[in-house]
Amino acid sequence: MDEQKKRLIGLSRTQLKEELQAIGVPENQAKMRVHQIWHWLYVRGVTDFDEMLNLGKELRAKLEQFYSITHPEIVEEQVSKDGTRKWLLRFPARGAGAPVEIETVYIPETDRGTLCVSSQVGCSLTCTFCHTGTQKMVRNLQADEILGQIMLARHRLSDFVGMDPVPGMIAPLEGRKISNIVMMGMGEPLFNFENVKSALLIALDGDGLCFSRRRITLSTSGVVPGIYRTGEEIKVMLAISLHATRDELRDELVPINGKYPLEKLMAACRDYPGLSNARRITFEYVMLKGVNDSLRDGRELVELLDGIPAKINLIPFNPWPGTEYECSDWKTIEKFAGYLNSKGLPAPIRTPRGRDILAACGQLKSETQKLTKAN
Ligand code: SAH
Ligand code: SF4
C-alpha cells in the first residue's frame, strides 16, 4: 500500500465527490462518477483502478496517481479446526507513530457467518477480565481501516460479486459468507464514534456493502452518550458489556461504570429506538467463577433488565496468561442460563470458537503474534 496516497475507501459520497472535483472531474459528471466508483469498490470489491472499466483511461490514471483503494495488508491468516478464521492485519503509520496491527475474526455457523471487527488498536479502558484492556491504547482506527477489515474478509471469502456478472448488477444478499458484523474486536467503538459511524454507514448502504441493520451489532462497555448517538445516527443493533448487576462490582470489572453507572446505562438502553421482541438489546455477561455467577446475580439481572427487550449472551470467560479470574464451572453456567430462561430471558451460552488460534473474545492482540507466518 502506498502510504502517501489518500484512501478512497470509507469516504462518504459527498467527500468522494469533493475529491473527484479536486482532480478535475467536472461538476456535472461528479455524481455519476461517485456512483460508479462506489459500485466498483463496494459491490465488486476491486482493488485496482484499471478494473473500473467505465471510467475512461485518463480518469483512471489520475485516480491512480493520487489515491489508493487497496485492501489491508495481511500479515497472517490462520484457520481454526472449527473453520474460524483470524487475520492479523497491518495498517501503515498515520502521521507520527508506527505501523499498527490488529485482528479480525470470521466465525462460520450453520445459519450465519459473523465477522468480528476491531475499532481501535488496543483500548483505553481497563476492564479487568479483558486481555485487550491490559494493552495500551495505540490509536483509533480510521473509517477506511474499519471498513477495510470487512472488505478484506469478503475478498478472502469470495463474497464480492467480482468482475464476472453484468455491469450494474446488485450484490446478492443470499449465500453471502459474511451475513453479520459485530463490532466486538479490539477497542471501544464508541470512543471512536465518527470513524465507526462512517464505516458502518457504508456497510449499511444499499449501494455500499448492503448489510441489514439487524445484522450489524455494535458492542459497548457502556459509553452512555455514544449509545444515544448510535440510536439516532447509526441505528444498528446494540450489545452492552454488562458483566455485573451492581455498581460496586461493575465499578471493578468495567471501570467506565464509575462515569456511567448502571442507572444511567439502563436508562440509555430503555431509550434505545426501535426496540421490540424481535429487536432486542444483547447484554453480554462473562461468567467469572465466584465473582458474578451466583443465583443472587441471576435474580438481580432479571430485575435490572425488567421491561427492556433483552437477550443475555453468556460468555464463558476465556483465560489469558496472568489473569486472576477463572471461568465458572460448566454446571454453574448452565444453571445460571436455566434460571434466566425460566424467567423469560433468552440466555444462550456462547460457545468459544477458534480457541486453537486464540480467536476467542478478549484474546485479540495488537502486537505481532510470535506465530509463524502462514504460507
Ligand atoms: N469494547 C467493546 C467491544 C469489544 S469486547 C466492549 O467492551 O463491549 C467484546 C466482548 O468480549 C465484550 O463483552 C467483552 O467484555 C468480552 N470479553 C473481553 N475479554 C473477555 C474474556 N477474556 N473472556 C470472555 N469475554 C471477554
Ligand atoms: Fe476495552 Fe471492551 Fe476490553 Fe473493556 S472489554 S477493555 S472496553 S475491549
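The structure, a predicted model, holds zero disulfides, a disulfide being a pair of cysteine sulfur atoms within 2.5 Å. Residues are numbered from 1 along each chain as its sequence is written, and chains are lettered from A and ligands numbered from 1 in the order in which they are written. Local features need pLDDT of at least 70, side-chain atom pairs count only at pLDDT 80 or more, and totals for chains, interfaces and linings use all residues, while side-chain values use heavy atoms, with hydrogens and water left out.

Select cysteine 116 first. Its relative accessibility is 10%, so cysteine 116 counts as buried (under 20% relative accessible area; exposed is over 50%, partly exposed in between; 1.4 Å probe, protein chains only). Cysteine 327, at 24%, is partly exposed.

Next, select ligand 1. Around ligand 1 stand 21 residues, each with a heavy atom within 4 Å; the closest are Gly187, Ser219, Ser241, His243 and Asn318. By class, this shell has 10 nonpolar, nine polar and two charged residues, with Gly counted as polar.

Now display the polar contacts (pairs of N or O atoms within 3.5 Å). An oxygen atom of ligand 1 lies 2.6 Å from a side-chain N or O atom of serine 241. For the side chain of histidine 243, the distance from a ligand 1 oxygen to an N or O atom is 2.7 Å. The protein covers 95% of the 530 Å² of accessible area that ligand 1 has on its own (Shrake-Rupley method, 1.4 Å probe).

Finally, colour strands S10 (216-220), S12 (281-287) and S13 (310-316), the elements that give two or more residues to the shell around ligand 1; strands are DSSP runs (E, at least two residues), numbered from the N terminus.

Conventions:
A polar contact is a pair of N or O atoms within 3.5 Å; within protein, one must be able to donate a hydrogen and the other to accept it, and residues adjacent in sequence count only if both atoms are side-chain atoms. Helices (H or I, at least four residues) and strands (E, at least two) are DSSP runs, numbered from the N terminus.
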